[in-house]
Amino acid sequence: MSGRLILRQLFRQGALAQRMPVFKRYESASTATGTTSTTKQPTFNKDTLKQLVNTNKVVIFMKGNPETPKCGFSNAVVQILRMHGVQYDAHDVLQSDELRQSIKEFSDWPTIPQIYINGEFVGGCDILLQMHQSGDLIEELKKVGIESLLLTEAKNPENSSPKDTKPDQ
């Protein structure tokens, strides 16, 4: 938990940007071919984004969708949430440049994916991974009424994996 606050402070001071690698942006196949959608995209102002992050207890903004993540970091977040058995809302930032930029400004965080728990910004892939490894994610989920599947399996080990049984002789 305190690591997350330290990272936020380093980011706001500009020290984090110096330590972060720069990644080349690749366009999705639909935008690379020049196809455009005729449906009007919503305007992503602060109120709209606040409404999106409050649609579920856990919300992620990612590249792609949970079935087909478009980057390794988004995939890692999906896998972590899957391990914990968390139901969540996911928003694909590749569908709208405005959404991608607006969510970065809304959270004051430069990278995607972004994870929100109970309407509060948690961080990106690195922070979620750290929380998962330390056990803090189980506690954060518990605070909002979500019991982690990992915790459930730990309580009932006979249900999580088959035991090696040998007949008594």
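These are my notebook entries on a predicted model of one protein chain.

**Ground rules**

I number residues from 1 along each chain as its sequence is written, and I use heavy atoms for side-chain values, leaving out hydrogens and water. Because the model is predicted, local features need pLDDT of at least 70 and side-chain atom pairs count only at pLDDT 80 or more, while totals for chains, interfaces and linings use all residues.

**Entry: confidence**

I looked up pLDDT, the predictor's confidence in each residue, from 0 to 100. The chain mean is 77, and 67% of the residues reach 70 or more. Helices (H or I, at least four residues) and strands (E, at least two) are DSSP runs, numbered from the N terminus. Over residues 15-39 pLDDT stays under 50. For that stretch the model has 12 contacts beyond four places in sequence; a contact means heavy atoms within 4.5 Å. I note that where pLDDT is low, the predicted coordinates should not be read in detail.

**Entry: cysteines**

How many disulfides are there? A disulfide is a pair of cysteine sulfur atoms within 2.5 Å. By this rule I get 0. I then checked burial: buried means under 20% relative accessible area, exposed over 50%, and partly exposed in between (1.4 Å probe, protein chains only). Cys-71 is buried at 18%. Cys-125 is buried too, at 11%.

Most residues other than glycine have a negative phi, and most peptide bonds are trans. I looked for exceptions. Ile-112 and Pro-113 are joined by a cis peptide bond, with omega about 10 degrees. Pro-113 sits in the loop between helix H6 (97-107) and strand S5 (114-117). Asp-108 lies in the loop between H6 and S5. Asp-108 is not a glycine, yet its phi is positive, about 60 degrees. This residue is partly exposed, at 36%. Asn-118 also is no glycine and has a positive phi, about 55 degrees. I found Asn-118 in the loop between S5 and strand S6 (120-123). Asn-118 is exposed, at 53%.

**Entry: helix H4**

Which residues of H4 (residues 46-53) are buried? They are Leu-49, Leu-52 and Val-53. Seen down the axis, they fall within an arc of 95 degrees, so they line one face of H4. The arc is that of the directions from the helix axis to the C-beta atoms. Asp-47 and Gln-51 are exposed on the other side. The buried residues pack against S1, strand S4 (89-92), H6 and S5.

**Entry: helices H7 and H8**

In H8 (residues 136-143), I list Leu-137, Ile-138, Glu-140 and Leu-141 as buried. Their arc is only 165 degrees, which puts them on the same side of H8. These buried residues pack against strand S1 (58-62), helix H5 (72-84), S5, helix H7 (125-134) and helix H9 (149-155).

H7 and H8 pack at about 95 degrees, with axes 5 Å apart. That makes H7 roughly perpendicular to H8. Angles under 35 degrees count as roughly parallel, over 145 as roughly antiparallel, 65 to 115 as roughly perpendicular and the rest as oblique. Axes are lines fitted to C-alpha atoms, for helices over the stretch in contact, and angles run from 0 to 180 degrees between N-to-C directions. Leu-128, Met-131, His-132 and Ser-134 in H7 meet Asp-136, Leu-137 and Glu-140 in H8. Just after H8, Gly-145 has a positive phi of about 85 degrees.
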